[in-house]
Amino acid sequence: MLAWLAYNAYSRPTPFFNVLLIGFTQGSTYALVALGYTLVYGILQLINFAHGDVFALSGLFATTMVGGAVFGLSDTSSTLGIVGGLTATFLIAAAFGAGVNSTIEFVAYRRLRSAPRLSVLITAVGMSFIVQNISLAVYDVNARAIPPLISGHSVFSIRGVEYAWDAFFVVLVTAPVLVLLTWLVKSTRQGKAMRATSQDPEAAAIMGINVNRTITFTFALAGALAGIGATLYLVEFNIRYDTGFTLGLIAFTAAVLGGIGNLTGAVLGALVIGMIQAFNEGPFWFSPGSDWTRSLVFAILIAILVFRPEGLLGERTPEGA
């Protein structure tokens, strides 16, 4: 693979670096979803398979906010109106995703914390289909999109290598969100409660930490990341009721690749998966094409689970081993 990348970088440098930037942008979006998986797993050792569907539902909700009767934004709106409308949409979509995800935790998962792992797994898969069908019932089968609010003009152009503003906007939003999340988890009182609950819920409760509230906050935080990620996804793509299923599995693979439960690992895994997808679908010699993207992603997932289940940055534990 390294030889193939080196050959394409040497023979076709302009498409190579353009595709590299596309992969970086895609990976930034995947990172927000992957962090939701890794936050929940880190505190409950639970794979919330409904997370991708919360992403899709939040994105569909965001389309009604941006292009609907609420803000009614279009490419002819004023700059101030677009900035204000998008900012409000990010906040509302984050609150909506947080509310949906915390409701799922309260209704479906809270009563199963001491249940066998198989029961929780089946419930998570069931919640995924429930949320997906709610999206289908409310927003029908058609894909939804928002007007091109962010300019498609180039931020820079160097020897044919271009990076558009709409792609750069994804990175501009994602980077501070990731920094803020890292600060929250590592430096705040609530973040310390999350880490203590992750290590030992019983001991955390004895020390005065409200475990139920901490877990609910974690689910809400993961849902907020899904809402922000879905709104960013709409800047470049459209979304429909089943978008979250495939994208959620890709983001889950990214979280496993980086080390499930590790925030930095989730971001690294998402960037790697974004690059793999971009180069697989790029205009290069012997590129498999988009029909093979899912196969490659899940082959990576299987290989990681077989040969390095702790991921790139995770630590091997007796359970994980």
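**A hairpin, a charged patch and some salt bridges**

Let's start at the hairpin of S1 and S2, where two residues sit between the strands and Arg159 takes a positive phi near 55°. Like everything here, this comes from a predicted model. Strand S1 covers residues 154-158 and runs antiparallel to S2, with four bridges joining the two.

Lys192 is a residue of helix H7.

Now for the charge pairs. Side chains of opposite charge can pair when their charged atoms come close. Across the whole structure, a search finds five salt bridges. Asp140 and Arg144 meet in one of them, at 3.3 Å from N to O. Asp140 is partly exposed, with a relative accessible area of 33%, and Arg144 is partly exposed too, at 25%.

Asp242 and Arg240 meet in another, at 2.6 Å from N to O. Here Asp242 has a relative accessible area of 26% and Arg240 one of 28%.

Glu310 pairs with Arg308, their closest N and O atoms being 3.3 Å apart. Glu310 counts as buried because its relative accessible area is 14%, under the 20% cut-off, whereas Arg308 is partly exposed at 35%. Finally, Glu105, Arg110 and Arg113 are linked in a network of salt bridges.

Methods
Residues are numbered from 1 along each chain as its sequence is written. This is a predicted model: local features need pLDDT of at least 70, side-chain atom pairs count only at pLDDT 80 or more; totals for chains, interfaces and linings use all residues. Side-chain values use heavy atoms; hydrogens and water are left out. Two strands pair if DSSP finds at least two bridges between them. A salt bridge is a side-chain nitrogen of Lys or Arg within 4 Å of a carboxyl oxygen of Asp or Glu. Buried means under 20% relative accessible area, exposed over 50%, partly exposed in between (1.4 Å probe, protein chains only).
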